[in-house]
Amino acid sequence: PSFESSALYLKPVLNDFPIILIFSGTNSISGHSGCNGYGGEVTPMEPSKFHVGMLLMTLMYCMEDGVMAQEGAYSSLLSEATILYELIDMGGDALDELIFKDPLTAKVLARFNRISDSNDAGTDGDKYEDTDRTLRRSTARSVRHSEMSKNFERYLSEGSVQKNGGMFNSYQTSPIFQGYGTHYATIWVGTPPQRKTVIVDTGSHFTAFPCKGCLDCGEEHHTDKYFDPDASSTFRALTCGECHDAKCLGKRCIFSQVYTEGSSWHAYESVDRVFLSGRELSAVMDPINAAFTSDFLFGCQTKETGLFVTQLADGIMGMSAHPSTLPRAMYDKGKLEHNMFSMCFKRELHVSKQGVVAGFITIGGIDSRVDLTPMVYARNVAKSGWFTVFVKGVYVRANGGQSVRPDHRNQKLQRVTVDLFEFNSGKGVIVDSGTTDTYLHKSVAEPFD
């Protein structure tokens, strides 16, 4: 049976971008979320519940206002979620209704109207009999992929979402280290290479670090000496006719950055040879690193304020979805087959200028060797700029704590009432690896008081 959504989180569905839900057999769903198709597995539960596994979706981007927000809301509602449902026979010629509810609060999440099709033949009395039987059937049956689900798997496996062909085999994995509330990686800059440590920051896109002559930039606090442009035969400061995100002052391309917590820096645009690696000198001689070395534009800092002066890392490396980042530069120059990266974070309780390993960064692919458990994915709903997710629930752990893991079987969680469209409004909820702060929409402030 097939359904079309009339409302999602109490908001009307966009007229020109309908949401379609199709139940195929006992254990599969598929359909259209407005812009993209999707498919997935369903596990029936009792009473009046079913669980949806991870959805497989096509990855088109639709420019029309509100479409991607609607898709993010719908995929967040269904993917890896348990749904309480209610089937309502509206009587007469009216379309019967399927309602999805939150299993904890019974709050209505979405409404669907039955779509008449060739599969709906039968009397009014048994119109929903097959649907109800499908959803309520025992979970003892083995899980099967519908043909739609198989088609999505084939679509993905044939490389439809790959950016540049090939397999995920052209990548670098390097350690990241514990800083003062942040994590940092090691890059090598220049010829011969000079070691620089940089905070890995998905909340910005510039890479910058202090250069020789930087005024009160905290060299005594950092892991390494200032970068010396004169010691690199491949270093070049951009001239005024070459400025990218800067303005010409004194024959240099000057730019600056101010961050939310108040720290800032000033720098001039420069280009040199850069590669990512570990902190040991042996990295300089590694032929793999030589293959990934790229000409890269960065900021040679001349002034710093705030936490940049006292932080452990020398500088910062922006990792947002922007052309100025190192992964994008490596991809554009053919060093990587995929414009992607991943980071695995670990928390260490001590820091050192010698480096305390606290995770890994992989540029250009996925290195599953460091995974201890299966990866759980959240869709990035922004085409460029910050990596943005759609938050579908906020929970407060009773009596506080340092982890989402329960201390015992009776650990209590309080779900915070959230207007999802308001919570995810504006620029959305971004994932920022360069800050220790978490900012939530003011509409959820009361439960935290």
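User: Where does Asp216 lie?
Analyst: Asp216 lies in the loop between E14 and E15. Keep in mind that this is a predicted model.

User: Is Asp216 buried or exposed there?
Analyst: Exposed: its relative accessibility is 61%, and the cut-off for that class is over 50%.

User: What about the phi of Asp216?
Analyst: Asp216 has a positive phi of about 50 degrees, although it is not a glycine. For context, most residues other than glycine have a negative phi.

User: And what is the phi of Lys251?
Analyst: Lys251 takes a positive phi of about 70 degrees, and it is not a glycine either. You'll find Lys251 in the loop between strand E16 (247-249) and E17. Lys251 counts as exposed, with 72% relative accessibility.

User: Which peptide bond is cis?
Analyst: The one from Thr191 to Pro192 is cis, with omega near -5 degrees. Most peptide bonds are trans. Pro192 is in the loop between strand E12 (183-189) and strand E13 (194-201).

User: Let's switch to rings. How many aromatic pairs are there?
Analyst: The count comes to 18 aromatic pairs. Take Phe50 and Tyr85: their ring centres are 6.0 Å apart and their planes meet at 40 degrees, so this pair is tilted.

User: Why does 40 degrees make it tilted?
Analyst: Because planes under 30 degrees apart count as stacked and those over 60 as edge-to-face, with the rest called tilted. The 40 degrees between Phe50 and Tyr85 therefore puts them in the tilted class.

User: Where do those two sit in the chain?
Analyst: Phe50 is in strand E6 (residues 49-52) and Tyr85 in strand E8 (residues 81-88), so the pair links distant parts of the chain, 35 residues apart. Both Phe50 and Tyr85 are buried.

User: Are Phe235 and Phe298 buried or exposed?
Analyst: Phe235 is buried, with a relative accessible area of 17%. Phe298 is buried too, at 1%. The cut-off for buried is under 20%.

User: Which residues form an aromatic cluster?
Analyst: Phe23, Tyr38, Phe50, Tyr74, Tyr85, Phe100 and Phe112 form one. Among them, Phe100 is placed in strand E9 (residues 97-101). Phe100 is buried, with a relative accessible area of 0%. The C-alpha atoms of Phe100 and Leu77 are separated by 9.5 Å, and the two are 23 residues apart along the chain.

User: Which charged end sits over the ring of Tyr268?
Analyst: That of Arg252, 3.9 Å from the ring's centre.

User: OK, on to helices. How many residues does H1 have?
Analyst: H1 has twelve, and it reaches 17 Å from first C-alpha to last, close to the 16 Å expected. Eleven of its twelve residues are buried, making H1 mostly covered. Those buried residues include Val67, Met68, Tyr74 and Leu77.

User: What comes just after H1?
Analyst: Glu80, which has a positive phi of about 50 degrees.

User: Now pockets. How much space lies in the second largest pocket?
Analyst: About 420 Å³. It is lined by 23 residues, and Met68, Ala69, Val381, Asn424 and Gly426 lie nearest its centre.

User: Which elements supply that lining?
Analyst: Helix H1 (67-78), strand E23 (388-389) and helix H7 (420-423) each supply at least two residues of it. H1 gives the largest share, three residues.

User: What classes of residue are in the lining?
Analyst: The second largest pocket has twelve nonpolar, seven polar and four charged residues in its lining.

User: Last one: where is Gly262?
Analyst: Gly262 is in the loop between strand E17 (252-258) and strand E18 (264-277). Gly262 counts as partly exposed, at 47% relative accessibility. Its C-alpha is separated by 8.4 Å from that of Leu307, 45 residues apart along the chain.

Terms used
Residues are numbered from 1 along each chain as its sequence is written. This is a predicted model: local features need pLDDT of at least 70, side-chain atom pairs count only at pLDDT 80 or more; totals for chains, interfaces and linings use all residues. Side-chain values use heavy atoms; hydrogens and water are left out. Rings of Phe, Tyr and Trp (its six-membered ring) pair if their centres lie within 6.5 Å; planes under 30 degrees apart count as stacked, over 60 as edge-to-face and the rest as tilted. Helices (H or I, at least four residues) and strands (E, at least two) are DSSP runs, numbered from the N terminus. Buried means under 20% relative accessible area, exposed over 50%, partly exposed in between (1.4 Å probe, protein chains only). A charge sits over a ring if NZ of Lys or CZ of Arg is within 6 Å of the ring centre and within 35 degrees of the ring normal. On a 1 Å grid over the protein atoms alone, a cavity is a set of points where a 1.4 Å probe fits but cannot get out, and a pocket is an open set with protein on both sides within 12 Å along at least five of seven lines; lining residues have an atom within 4 Å of a point. Grid points are joined across faces, edges and corners, and a volume is the space filled by probe spheres set on the points. Ala, Val, Leu, Ile, Met, Phe, Trp, Tyr, Cys and Pro count as nonpolar, Asp, Glu, Lys and Arg as charged, and the others, Gly among them, as polar. The expected span of a helix is 1.5 Å times one less than its number of residues.
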